[in-house]
Amino acid sequence: MFQSLIDWLDSIGSRFYVAFLEADRWQLYLQGLAATLEMTVIALIAGTILGLLVAVVRTAHDQQMPGRRRNPVLGALNLLCKVYTTVIRGTPMMVQMLIWGFVIFSSSRNKILVGIIGLSVNSGAYMAEIVRGGLMGVDIGQSEAGRSLGLGYLDTMRFIVIPQAFKNILPSLGNEFITLFKDTSLVNAIGAAELTYYANRVGGRTYDYMPPLIGIALMYLALVIVFTWLQGKLERRLRASDRR
């Protein structure tokens, strides 16, 4: 029994050696991890900007004074934003990525850029609802106070409402970042060279997919644990600043 266990462990060890150390294949994983982190950060920034714009439009539309004539331009923009969030949140991320890669940008060779666009558009829809919930959660009196001080709508949002909303939505933003980080694996479907792509490439060369896939799963898990720890630390620091 013990000899069988030793033989099995030896077999597993040799398989992981071939998948990660032989022919310096670990460099491929690092290259893929760098591309994954790059896509995550860029897509998060672009998605946050897009989501913030959508959220501001929808919040401005919903907070129009009752009884007054509604702004038709704002109404049209609000409808466009609602269609955008409904379509993106109502369709699978994989399908969206395939459409971006093989329909909209079928002739593009820069699959990393296509993947970033797909991730950004998808993240923007979820960010919009997260930010909108945070903005709507700030007391309307805060906006009225800003207006009474002579601030315009955009200045009131920038200096008064958004900073307060940020603390409320920070946990959701952290969760969206972690989700986005894991969703980068889907760009492998359009041929973008990220972590999952290189794991499949190594598996195809060695005819053994278990070690590279288990290996990148552990890499994803380790980084998610680190990101979660950093998020918790930031939240505790913000709560401490509020108590002061």
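Ser120 counts as buried, with a relative accessibility of 9%, where buried means under 20% relative accessible area, exposed over 50% and partly exposed in between, with a 1.4 Å probe and protein chains only. The model is a predicted one, in which local features need pLDDT of at least 70 and side-chain atom pairs count only at pLDDT 80 or more, while totals for chains, interfaces and linings use all residues. Residues are numbered from 1 along each chain as its sequence is written, and side-chain values use heavy atoms, with hydrogens and water left out. Ser120 is found in helix H5, which spans residues 111-137; helices are DSSP runs of H or I with at least four residues, numbered from the N terminus. Leaving aside residues up to four places away in sequence, Ser120 touches Ile42, Ala43, Ala46, Gly47 and Leu50, contact being defined as heavy atoms within 4.5 Å.

The loop between helix H1 (2-20) and helix H2 (26-62) contains Ala23, and Asp24 lies in this loop between H1 and H2 as well. Most residues other than glycine have a negative phi. In Ala23, however, phi is positive, near 60°, and in Asp24 phi is also positive, near 55°. Ala23 counts as exposed at 64% relative accessibility, whereas Asp24, with a relative accessible area of 44%, is partly exposed.

Aromatic side chains form seven pairs in the structure, a pair being two rings of Phe, Tyr or Trp (its six-membered ring) whose centres lie within 6.5 Å, with planes under 30 degrees apart counted as stacked, over 60 as edge-to-face and the rest as tilted. One of these pairs joins Trp100 and Phe105, which are stacked at 5.9 Å centre to centre with 15° between the planes. Within this pair, Trp100 is buried at a relative accessible area of 17%, while Phe105 is partly exposed at 29% relative accessibility. The pair of Tyr197 and Tyr198 is edge-to-face, because the ring centres are 5.3 Å apart and the planes stand at 80°. Here Tyr197 is partly exposed, at 28% relative accessibility, and Tyr198 is buried, with a relative accessible area of 6%.

Ile104 lies in helix H4, residues 93-104, and is partly exposed at 46% relative accessibility.

How values were computed:
Helix = DSSP H or I, 4+ residues; strand = E, 2+ residues; numbered from the N terminus.
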